[in-house]
Amino acid sequence: MSELAIHTEKLTKQFGNVLVVNEVDLKIPKGHIYGFLGPNGSGKSTMIRMLCGVLEPTSGKGTVLGYDVKAEPERIKQKIGYMSQKFSLYEELTVKENLEFYSGIYGLKGQESKDRQNELIELAGLVGREEQCSGSLSGGWKQRLALCCALLHRPELLILDEPTAGVDPVSRRIFWDIITQLAKEGVTVLVTTHYMDEAELCNEIGFIFFGNILIKGQPEELIKAHHVQNLDDLFINLVEQQDHNPLKGGSLTYV
Ligand SMILES: Nc1ncnc2c1ncn2[C@@H]1O[C@H](COP(=O)(O)OP(=O)(O)O)[C@@H](O)[C@H]1O
Ligand SMILES: [Mg+2]
């Protein structure tokens, strides 16, 4: 069994003649938190959709938890936990009803389902809010409930697409405490974010710019090696070196 939770070689996606993900190589060891960073429109969600088994790659190959992304997408979907950029909670349902609903989707039953739901309510600090309508929860609570829904079936791999976008700093910190805890228990996490404080909590990060990984490595090592103060400065320097970049008013589409 591979010790890599995610392994891709030259994974590529083209929509028509637009190259959106260009020969991306990823090696993510089990139990790591991998941060996928890059400006809007860089191909992060497209890469994630290929890894989740919902979008077929144009070329290249990849395995997720040992399953082939082209040949075994259904196995991948069952095994992973996924929180999409616009996560789908049923706002008119209560916290408990949302958990009950997703529990059914994952095939959990009876006492096992009840125990798992209670465990997650506790993990996410949602105790006392079980009967609250999820539409009336604040952004941070909603997002923690969505995380619980993605965790019901005890996935070994969690894929989170901008889970903390637009969420206040305290809620972001609580969310990351949960992620860090899960990783300590052996769960692998692939997460996209625009927040550099979050990027610094990752074991490894990859910076993707319009389909190409420009740089990857451990956050602290990258900062040291490039003699910059922080990751923001590093990425801005990298973007400035690109021919087509928004800082120069250049074209954003690769054809
Ligand atoms: N189904 C699709 N058909 C055509 N173009 C798409 C499709 N999905 C995404 N794109 C394009 O791919 C590029 C990358 O998008 P995306 O992967 O969502 O980037 P990110 O998540 O980094 O913001 C964008 O230019 C987007 O418009
Ligand atoms: Mg996206």
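## Helix 5 and helix 6

In this predicted model, helix 5 (residues 139–151) and helix 6 (residues 169–184) have axes that cross at roughly 15 degrees. An angle under 35 degrees counts as roughly parallel, so helix 5 and helix 6 are roughly parallel to each other. Their axes come within 9 Å, and the crossing is right-handed.

On the helix 5 side, the residues that meet helix 6 are Gly139, Gly140, Gln143, Arg144 and Leu147. On the helix 6 side they are Ser171, Ile174, Phe175 and Ile178. By type, the residues of this contact divide into 4 nonpolar, 4 polar and 1 charged.

## Helix 3 against helix 5

Helix 5 also packs against helix 3 (residues 95–105). The axes of helix 3 and helix 5 come within 9 Å and cross at roughly 25 degrees. That angle makes helix 3 roughly parallel to helix 5, and the crossing is right-handed.

Helix 3 contributes Val95, Asn98, Leu99 and Tyr102 to the contact, while helix 5 contributes Leu145, Cys148 and Cys149. These residues divide into 6 nonpolar, 1 polar and no charged.

## The buried side of helix 3

Which residues of helix 3 are buried? They are Val95, Asn98, Leu99, Tyr102 and Ser103. Around the helix axis they cover an arc of only 135 degrees, which puts them on the same side of helix 3. Helix 4 (110–123) and helix 5 are included in what covers these buried residues.

After helix 3 comes glycine 107, with a positive phi near 80 degrees.

## The loop between helix 4 and helix 5

Leucine 126 is located in the loop between helix 4 and helix 5. Leucine 126 has 19 C-beta neighbours inside 10 Å and counts as partly exposed; a residue needs 20 or more to be buried.

Apart from residues up to four places away in sequence, leucine 126 touches Val95, Ile121, Arg144 and Leu145. Of these, Val95 is one of the buried residues of helix 3.

## Helix 1

In helix 1 (residues 44–51), the buried residues are Lys44, Met47, Ile48, Met50 and Leu51. They lie on the same side of helix 1, because the arc they cover around the axis is only 160 degrees. Just after helix 1, glycine 53 has a positive phi of about 80 degrees.

Lysine 10 is partly exposed, with 13 other C-beta atoms within 10 Å.

Glutamate 23 belongs to strand 2 (residues 18–29). Is glutamate 23 buried or partly exposed? It counts as partly exposed, with 15 C-beta neighbours inside 10 Å.

Leucine 222 is part of helix 8. With 19 other C-beta atoms within 10 Å, leucine 222 is partly exposed. Setting aside neighbours within four places in sequence, leucine 222 is in contact with Ile215, Gly217 and Leu234. The C-alpha atoms of leucine 222 and leucine 234 are 8.2 Å apart, and the two residues are 12 residues apart in sequence.

Histidine 227 sits in the loop between helix 8 (219–225) and helix 9 (231–240). Histidine 227 is exposed, having 8 other C-beta atoms within 10 Å. How far apart are the C-alpha atoms of histidine 227 and lysine 109? They are separated by 54 Å, with the residues 118 apart along the chain.

Terms used. Residues are numbered from 1 along each chain as its sequence is written. Chains are lettered from A and ligands numbered from 1 in the order in which they are written. This is a predicted model: local features need pLDDT of at least 70, side-chain atom pairs count only at pLDDT 80 or more; totals for chains, interfaces and linings use all residues. Axes are lines fitted to C-alpha atoms, for helices over the stretch in contact, and angles run from 0 to 180 degrees between N-to-C directions. Helices (H or I, at least four residues) and strands (E, at least two) are DSSP runs, numbered from the N terminus. Angles under 35 degrees count as roughly parallel, over 145 as roughly antiparallel, 65 to 115 as roughly perpendicular and the rest as oblique. A crossing is left-handed if the near helix is turned anticlockwise from the far one by less than a right angle, and right-handed if clockwise. Two residues are in contact if their C-beta atoms, placed from the backbone, lie within 7 Å. Ala, Val, Leu, Ile, Met, Phe, Trp, Tyr, Cys and Pro count as nonpolar, Asp, Glu, Lys and Arg as charged, and the others, Gly among them, as polar. A residue is buried if 20 or more other C-beta atoms lie within 10 Å of its own, exposed if 12 or fewer, and partly exposed in between; C-beta atoms are placed from the backbone. The arc is that of the directions from the helix axis to the C-beta atoms.
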